[in-house]
Protein chains: 6
Amino acid sequence: MIHITRRETFNAAHRLFKPEWDDQKNLEVFGKCSNPRWHGHNYVLYVTIKGEVDPATGFLVNLKDLSRIINEFVIEKLDHKNINVEVDFMVGKIASTENLAIGIWEQLEKPVKVLGAELHCVRVDETEKNSVQFYGKNNLKN
Amino acid sequence: MIHITRRETFNAAHRLFKPEWDDQKNLEVFGKCSNPRWHGHNYVLYVTIKGEVDPATGFLVNLKDLSRIINEFVIEKLDHKNINVEVDFMVGKIASTENLAIGIWEQLEKPVKVLGAELHCVRVDETEKNSVQFYGKNNLKN
Amino acid sequence: MIHITRRETFNAAHRLFKPEWDDQKNLEVFGKCSNPRWHGHNYVLYVTIKGEVDPATGFLVNLKDLSRIINEFVIEKLDHKNINVEVDFMVGKIASTENLAIGIWEQLEKPVKVLGAELHCVRVDETEKNSVQFYGKNNLKN
Amino acid sequence: MIHITRRETFNAAHRLFKPEWDDQKNLEVFGKCSNPRWHGHNYVLYVTIKGEVDPATGFLVNLKDLSRIINEFVIEKLDHKNINVEVDFMVGKIASTENLAIGIWEQLEKPVKVLGAELHCVRVDETEKNSVQFYGKNNLKN
Amino acid sequence: MIHITRRETFNAAHRLFKPEWDDQKNLEVFGKCSNPRWHGHNYVLYVTIKGEVDPATGFLVNLKDLSRIINEFVIEKLDHKNINVEVDFMVGKIASTENLAIGIWEQLEKPVKVLGAELHCVRVDETEKNSVQFYGKNNLKN
Amino acid sequence: MIHITRRETFNAAHRLFKPEWDDQKNLEVFGKCSNPRWHGHNYVLYVTIKGEVDPATGFLVNLKDLSRIINEFVIEKLDHKNINVEVDFMVGKIASTENLAIGIWEQLEKPVKVLGAELHCVRVDETEKNSVQFYGKNNLKN
């Protein structure tokens with residue numbers, strides 16, 4: 001078994017807030033990340049998949065195919081968008097990096113299987129200092 | 001004469017658009033950067049100043065002072081903000097990286113002089129691929 | 001379960017040596033890292049914690065809290081210090097990156113629990129080429 | 001148990017192709033990576049080993065020894081070489097990053113054991129966007 | 001006047017040699033870079049242009065246009081190619097980073113003018129340690 | 001004329017202080033950088049030289065020669081050393097990054113001339129946030 005990691009980037013706006021709280025309460029919990037007029041990030045996404053090397057090609061999967069599904073199911077939905085308002089798989093959720101990583105996992109799990117591999121890790125870097133890694137729903141239950 | 005460069009970062013939302021144009025026209029000129037619901041970036045700022053080394057300290061200026069004025073005049077105004085709506089020195093301008101670099105220069109030119117040095121360059125990286133450098137108003141006239 | 005990684009930095013002096021050996025023996029074993037007049041590094045620290053996402057906030061823990069305990073229990077003790085002489089949890093140990101990573105783990109294990117999460121990995125980069133990862137004392141016994 | 005990672009680099013030429021296919025078929029499967037006149041990369045190699053810290057030195061292994069065997073068994077064979085034609089452990093294989101990571105593992109597994117540690121992971125970055133991680137033959141069978 | 005820098009990458013094979021010298025002489029002068037079976041690099045290209053900001057757009061030039069001409073006149077010719085054999089503007093020259101930077105300048109000088117800006121600097125990083133900057137032919141004569 | 005930049009690194013200890021001041025006064029001026037027990041950094045050095053390309057080789061200078069003189073005149077003197085105590089060209093000076101860059105310039109100016117090029121810039125990064133650039137003594141007088 002081998003692991004492959006593909007790096008992609010997207011730029012998006014978001015804010016951290018709960019709609020049932022007022023601005024003051026959101027500010028107390030989420031700090032400046034709750035700014036009602038939004039802020040944004042250059043997110044960096046690392047998608048790691050795993051599986052067997054195909055002896056015919058020397059590939060786990062063709063990286064063009066991996067890049068294509070990441071772009072179709074994740075980047076096109078997030079890049080230059082407002083995560084809270086415009087991203088179908090994030091609407092109604094708090095736009096934390098944790099929820100974003102879980103949401104991206106849910107987008108990619110099946111398409112990666114169709115490629116003949118298994119999704120291993122979704123890592124999302126929000127800033128140079130903060131990063132989230134999600135290893136899948138089964139781990140959530142353990 | 002010696003040059004010193006200080007690196008700082010800020011995360012902000014913006015969009016590129018002209019209010020006198022409709023969304024369609026803005027989309028044609030500015031592409032996905034014109035998204036009316038905003039997007040955002042992890043901006044990286046490099047401020048370069050120049051001057052003589054003070055023999056008493058071995059410093060051009062004390063970097064704590066340089067960091068303090070960059071934070072007071074630039075970062076606090078931009079970090080976790082909406083550049084188009086909330087940043088006093090950008091309101092009414094197109095929120096391009098070019099205008100942002102020029103605006104940051106105007107914020108820092110005098111405070112750097114008060115420190116006893118001269119502002120040499122303001123560099124703003126919007127993404128890993130795009131960067132603007134501004135060397136001051138006198139150069140604009142040349 | 002989700003993982004979060006926080007990156008922090010500190011600058012410190014150290015040397016590698018055993019006090020019971022003379023300088024010549026220390027030089028043979030530890031090379032130039034044994035220089036009795038010290039050298040130093042810009043250390044980069046990555047602290048990874050794990051646990052469940054709190055549905056009320058979308059957070060594993062508030063990153064401000066994580067940053068606060070890393071600064072209180074680790075960075076303030078190490079930054080701009082001499083590791084061999086001034087750092088309480090390193091005195092009497094060889095100041096190797098291995099021992100440093102284990103020492104930082106011991107500093108952080110309980111405070112991370114108080115935050116409601118579990119310490120997963122302490123990674124310390126001494127240079128661009130050398131890095132140590134420690135996954136905890138239980139692994140030491142296995 | 002502790003993990004140590006050493007980073008090394010090498011520059012090499014390669015192409016992706018199967019000798020039993022003609023250029024057109026190779027182009028369909030491998031794209032521009034099949035260019036018969038070669039292309040190349042600045043490969044980045046991360047070798048992670050694991051084991052117990054030696055209380056006498058504070059080291060898992062002396063990093064000079066680790067660096068020495070990586071250079072002797074891997075870098076000298078690959079650096080400024082043509083992977084398809086000149087690298088003994090890659091001749092007859094497709095020069096994919098997957099096969100390269102597996103080949104490097106096979107080169108290093110025994111020498112790392114001689115040092116008194118265990119090889120944990122070979123990571124090879126072909127570009128800024130593409131990376132392969134190999135955790136060993138036992139994992140291949142699982 | 002403002003400066004804008006665009007970063008692009010390409011992967012290519014090359015060797016350093018003079019055809020009128022034999023392999024031994026080439027090895028003496030160019031070292032392992034003269035390997036007759038080629039090696040390669042992940043080149044990083046930084047193109048800096050300068051000019052006035054257009055008040056109608058806040059842009060020096062539209063970065064999509066700048067990226068387009070860099071790709072058309074440089075990247076498509078170099079990426080996944082053999083610099084010595086396949087790149088029209090390098091054939092017959094020694095494939096040094098110096099000559100590559102000058103060659104890229106000659107490719108871009110006119111197209112940048114058509115965009116309404118002036119080419120200021122072509123920087124080519126061959127490895128993490130080696131970089132060339134070329135500021136134009138007029139400087140060559142000074 | 002073309003410019004070439006070589007990147008090298010060194011790890012060293014230092015402190016900022018004036019021997020004629022007591023610890024309290026040094027603390028007021030230099031902050032935690034004045035710690036009498038030292039601290040240290042992974043310094044990054046960028047040496048830029050300029051001159052004409054030699055048509056016989058395509059080189060400004062052979063980079064092996066440039067690397068050799070940087071190592072002989074700078075790195076061997078600084079790496080794994082205490083800058084205040086052990087580095088001949090820094091003893092008696094305040095060990096600021098400004099003075100370090102000027103001192104390195106003085107070490108390299110003549111050897112670069114012997115290679116047939118001219119020293120253009122010495123850049124020293126002390127941390128990820130702080131960098132000094134020195135363009136030579138003539139500029140100091142202007």
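Colleague: Why is K18(A) called buried?

Modeller: In this predicted model, K18(A) has a relative accessible area of 12%. Buried means under 20%, so K18(A) is buried.

Colleague: And where does K18(A) lie, and what is it in contact with?

Modeller: K18(A) lies in the loop between β1 (2-14) and α1 (23-30) of chain A. Leaving aside neighbours within four places in sequence, K18(A) is in contact with N26(A), F30(A), I94(A), P55(C) and A56(C).

Colleague: F30(A) interests me. What makes its pair with F59(C) edge-to-face?

Modeller: The two ring centres are 5.6 Å apart, and pairing asks for centres within 6.5 Å. The planes of F30(A) and F59(C) stand at 80 degrees; over 60 counts as edge-to-face, so that is the name for this pair. The pair crosses between chains, from helix α1 of chain A to the loop between β2 (39-51) and α2 (63-78) of chain C.

Colleague: Why is the pair of W21(D) and F30(D) called tilted?

Modeller: Their planes are 35 degrees apart, with 6.1 Å from centre to centre. Stacked needs under 30 degrees and edge-to-face over 60, so a pair in between is tilted.

Colleague: What makes you say that K18(D) lies over the face of W21(D)?

Modeller: K18(D) is 5.5 Å from the ring centre of W21(D). The distance limit is 6 Å, along with an angle within 35 degrees of the ring normal, and K18(D) is listed as lying over that face.

Note on methods. Residues numbered from 1 in each chain as written. Chains lettered and ligands numbered in written order. Predicted model: local features only at pLDDT ≥ 70, side-chain atom pairs only at ≥ 80, totals over all residues. Heavy atoms only, no water. Helix = DSSP H or I, 4+ residues; strand = E, 2+ residues; numbered from the N terminus. Buried < 20%, exposed > 50% of the residue type's maximum accessible area, 1.4 Å probe, protein only. Contact = heavy atoms within 4.5 Å. Phe/Tyr/Trp six-rings, centres within 6.5 Å; stacked < 30°, edge-to-face > 60°.
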